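Student: I have a structure to study and some questions about it. Can we go through them one by one?

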Amino acid sequence: MRKMKNKRFITYRKALVFGLIITLTLGCERDFTDDVKVATFGTEGDIFTDSPIGMGEDFYFPYGDSNFEAASFDGTEVFEGNTSIEVNVPNADNPNGAYAGAILRIDGAGRDLSGFDALTFYAKASQGVTLDAIGFGEDFGENKYQATVTDISLGTGWAKYIIPIPDPSKLIQERGMLRYATGTQNTGGFGYTFWIDEIRFEKLGTLAQPRPRILNGSTITENVFLGSTIQITGLTYTANLPSGNNLTVAAAPSYYNFESSDTTVATVSELGVITVLGEGTTTVTATMGNEEAEGTLILTSVGAFPSAPIPTRDAANVVSLFSDAYSNVPVRHYNGFFLPFQTTEGGAGSDPNNVDLQVPLTDGSFDNIINYTSLNFVSFGMYETVSLVDVSAMTHIHIDINVRESIESSDFIRLSLESGTGVGAITSGDFVLNSSTLSNVDENGWTSVDIPLSSFFGFSDPANLGQLFFISDATISNIWVDNVYFYNE
């Protein structure tokens with residue numbers, strides 16, 4: 001069996017997208033059509049039949065954390081001709097990579113695919129499986145016109161698969177011919193093999209009922225703040241296939257033409273990033289080619305972001321878990337999400353390097369805020385992958401909380417400090433913030449609380465702090481949190 005050429009391994013990264021600029025210099029008296037020829041690119045639709053077609057020497061690039069040896073040529077399982085692409089998906093515990101994923105990219109100038117309306121291929125598997133993702137438009141550069149279908153079902157017999165191009169007119173110089181990524185989530189961790197053959201772009205002419213969407217087709221109304229940015233999500237394109245079934249493709253933002261009804265309030269970039277510039281209300285919509293996209297975002301800019309009070313305590317007397325004013329100790333998570341009972345969203349999941357709200361300030365810095373929604377309970381975690389936190393020299397904990405809804409008399413937030421990792425002997429203690437405390441806000445809606453650690457009865461091991469819990473039992477569902485730190489009075 002011959003291994004696929006060009007096993008050059010690179011790390012998959014999302015890249016910033018830059019526009020392609022073509023500068024045409026004209027003479028004073030010359031007509032454009034007389035002297036300038038617009039660059040054109042190859043229009044070959046075939047990608048792989050018995051071998052890669054016009055792909056060049058460097059065409060195959062596995063994702064950096066995938067199994068590099070997953071793909072090869074195969075001479076035994078073919079739909080047509082002599083060879084197909086064979087992909088051996090590894091077991092979940094394979095030390096060389098627990099999934100198979102790669103792109104096929106043209107080595108050199110891209111192709112003009114504007115005359116086609118779909119990527120097609122034939123595929124089969126060693127057993128009935130579901131591929132996680134397959135598509136095109138990824139080149140490890142701009143990835144400008146990426147399109148992906150998820151959860152593709154393969155059987156043990158050859159079948160033709162169709163991936164519609166959201167807007168073919170955009171693909172005048174495309175390099176990313178195929179992308180795939182799949183693991184063993186649906187096979188209990190056990191590997192399998194699948195084959196792909198006769199990969200090509202085609203003009204089917206039988207795709208119908210195009211339906212682009214933003215925001216998954218919903219109408220959403222939000223209040224926003226000056227200087228904030230919002231990424232438009234839920235970008236999909238659905239087409240009716242010749243089989244009569246509908247297929248939905250996840251589409252890159254550059255397939256869309258976004259529009260803000262009032263650009264003095266907010267503008268929208270080609271990448272679907274909204275920047276709030278002024279106060280007022282604007283409606284964000286989009287089109288794809290001649291089709292109006294379903295989904296609308298109505299934004300009301302309510303002025304400057306209401307930041308929490310800036311801490312002024314000496315950093316030498318502070319141990320900070322989350323604050324822009326101090327250097328924070330390592331934190332495992334701001335929302336570890338304890339299944340099955342926790343409903344809380346926000347806190348950047350288990351990634352402490354991300355935040356929910358990042359608002360630019362006038363001095364060029366950012367105000368980072370955690371926003372918990374659907375709150376019933378949630379924790380800051382300082383264990384396992386990071387060291388337990390020693391707050392034995394501290395006397396108080398400080399937290400700024402902004403409740404983003406009306407406060408009822410029965411509402412509360414219970415704070416709980418817990419030592420250790422939650423396994424074995426631990427100590428813990430609670431302190432309840434009742435509705436009257438939470439209603440004691442400043443002009444920006446922030447409640448600043450300073451609680452002696454001695455008030456957390458039962459918390460007797462401050463040298464080994466492992467978790468800080470926020471518990472509302474769903475009496476309060478939406479809060480902002482900032483400036484969470486311990487200090488010595």
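Student: In β11, which residue is the bridge partner of Thr120?

Tutor: First, some ground rules. This is a predicted model, where local features need pLDDT of at least 70, side-chain atom pairs count only at pLDDT 80 or more, and totals for chains, interfaces and linings use all residues. Residues are numbered from 1 along each chain as its sequence is written, and side-chain values use heavy atoms, with hydrogens and water left out. Now to the strands: β6 and β11 run antiparallel and are joined by seven bridges. In β11, the partner of Thr120 is Arg200.

Student: What counts as a strand, and when do two strands pair?

Tutor: Strands (E, at least two residues) and helices (H or I, at least four) are DSSP runs, numbered from the N terminus. Strands of a sheet pair through backbone hydrogen bonds, either parallel or antiparallel. Here, two strands pair if DSSP finds between them at least two bridges.

Student: How many residues of strand β11 are buried?

Tutor: Buried means under 20% relative accessible area, exposed means over 50%, and partly exposed is in between (1.4 Å probe, protein chains only). Strand β11 covers residues 192–202 and is mostly covered. Of its eleven residues, the buried ones number ten.

Student: Which residue of β11 is the bridge partner of Phe48?

Tutor: Strand β1 spans residues 46–48. β1 pairs with β11 in the antiparallel sense, over two bridges. The partner of Phe48 in β11 is Ile199.

Student: And which residue of β11 is the bridge partner of Val89?

Tutor: β4 also pairs with β11. The sense is antiparallel, with five bridges. Val89 has as its partner in β11 Tyr192.

Student: How many salt bridges does the structure hold?

Tutor: Side chains of opposite charge can pair when their charged atoms come close. The cut-off here is a side-chain nitrogen of Lys or Arg within 4 Å of a carboxyl oxygen of Asp or Glu. By that rule, the number of salt bridges in the structure is ten.

Student: How far apart in sequence are the parts that Glu77 and Lys124 tie together?

Tutor: Glu77 and Lys124 form a salt bridge, with their closest N and O atoms 2.9 Å apart. Glu77 lies in the loop between β3 (71–74) and β4 (84–89), while Lys124 is in strand β6 (residues 118–125), so the pair ties together parts separated in sequence by 47 residues.

Student: Is Lys124 buried or exposed?

Tutor: Compare the two partners. Glu77 has a relative accessible area of 26%, so Glu77 is partly exposed. Lys124 has a relative accessibility of 11%, so Lys124 counts as buried.

Student: What is the relative accessible area of Glu138?

Tutor: Glu138 forms a salt bridge with Arg179, and the closest N and O atoms are 2.5 Å apart. Glu138 sits in the loop between β7 (129–136) and β8 (147–154), and Arg179 in strand β10 (residues 176–182), so parts 41 residues apart in sequence are tied together. Arg179 is buried, with a relative accessible area of 9%. Glu138 is buried too, with a value of 0%.

Student: Which strand holds Arg414?

Tutor: Arg414 forms a salt bridge with Asp430, with the closest N and O atoms 3.4 Å apart. Asp430 lies in strand β29 (residues 428–434). Arg414 lies in strand β28.

Student: Which residue in β30 is the bridge partner of Ile399?

Tutor: Strand β27 (residues 396–403) and β30 run antiparallel, joined by six bridges. The partner of Ile399 is Val449.
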